[in-house]
Amino acid sequence: MYTFAIAILIIIGYIIRYVYEIRESYYVVARIYNVVEYCLLAYFFSLHVKNKIIKKVLLFSVPIFIVFCFFDYLTEKSPALPFLPLSIEHITLLIFIIYYFFEVMQEMAYEPIYQRAIFWISVAFIINFSGNFFLFLYSTNSYNDESFKFQYAIIYATVTIIKNFLLCISIIIKESPDSTSNPNSIDVDLDTFYPIENKL
């Protein structure tokens, strides 16, 4: 769903920018892209975070982020790319992804973590968010500089290619049904008359 939604927004944005050459509408599409990406990724990682409080904070951050993006759009003096909302998105999701890895390190796993698709997805977005965070933060004041635009394009393209490559790896990963439990363990039920009974 993430790939489908983002692909449609990118196609619409490029058509508006380079075919019809309407920069104002392109900036609106870029802001919609920002909001949709945050909402989808926040929901996705909320499915994998086990701590109920962190899960609620992650889901509750979605409407707050939407309001913030809308406020930033209204207070913008002239149409421009949403560098500040992008920076907020990147640092916020980066914190939640790092917390997810903290949870993974606490659990008992009987297979390498790199054999899970969520690992490659998380690494892809860690690289994407950490690589672009300072770029977007710096772009708020320097994007109109022509030499900076060239550096911006190189950095953004490189990080995006790496992210997409890692997302492609996550697609081909074959996961076992339950990677957190030992497949050789016996389920012992001490409440029944026959205590040692394998329920597999």
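Me: What is the volume of the largest pocket, and which element gives the largest share of its lining?
Reply: In this predicted model, the largest pocket has a volume of about 1200 Å³. Of the 43 residues that line the largest pocket, those closest to its centre are Ile-6, Ile-10, Tyr-33, Tyr-156 and Lys-163. H1, H2, H4, H5 and H6 each give two or more residues to this lining, and the largest share, 12 residues, comes from H6.

Me: Which element supplies the largest share of the largest nonpolar core?
Reply: The largest nonpolar core has 44 residues, and Leu-41, Phe-45, Leu-81, Leu-93, Phe-125, Phe-129 and Tyr-152 touch the most other members. Helices H1, H2, H3, H4, H5 and H6 each supply at least two residues of this core. The largest share, 10 residues, comes from H2.

Me: How many disulfides does the structure hold, and how far from the sulfur of Cys-39 is the nearest cysteine sulfur?
Reply: The structure holds zero disulfides. Cys-39 is partly exposed, with a relative accessible area of 22%, whereas Cys-69 is buried, at 7%. A disulfide needs two cysteine sulfur atoms within 2.5 Å, and for Cys-39 the nearest cysteine sulfur, that of Cys-69, is away by 8.4 Å.

Conventions:
Residues are numbered from 1 along each chain as its sequence is written. This is a predicted model: local features need pLDDT of at least 70, side-chain atom pairs count only at pLDDT 80 or more; totals for chains, interfaces and linings use all residues. Side-chain values use heavy atoms; hydrogens and water are left out. A nonpolar core is a set of buried Ala, Val, Leu, Ile, Met, Phe, Trp, Tyr and Cys residues joined through side-chain atoms within 4.5 Å. Buried means under 20% relative accessible area, exposed over 50%, partly exposed in between (1.4 Å probe, protein chains only). Helices (H or I, at least four residues) and strands (E, at least two) are DSSP runs, numbered from the N terminus. On a 1 Å grid over the protein atoms alone, a cavity is a set of points where a 1.4 Å probe fits but cannot get out, and a pocket is an open set with protein on both sides within 12 Å along at least five of seven lines; lining residues have an atom within 4 Å of a point. Grid points are joined across faces, edges and corners, and a volume is the space filled by probe spheres set on the points.
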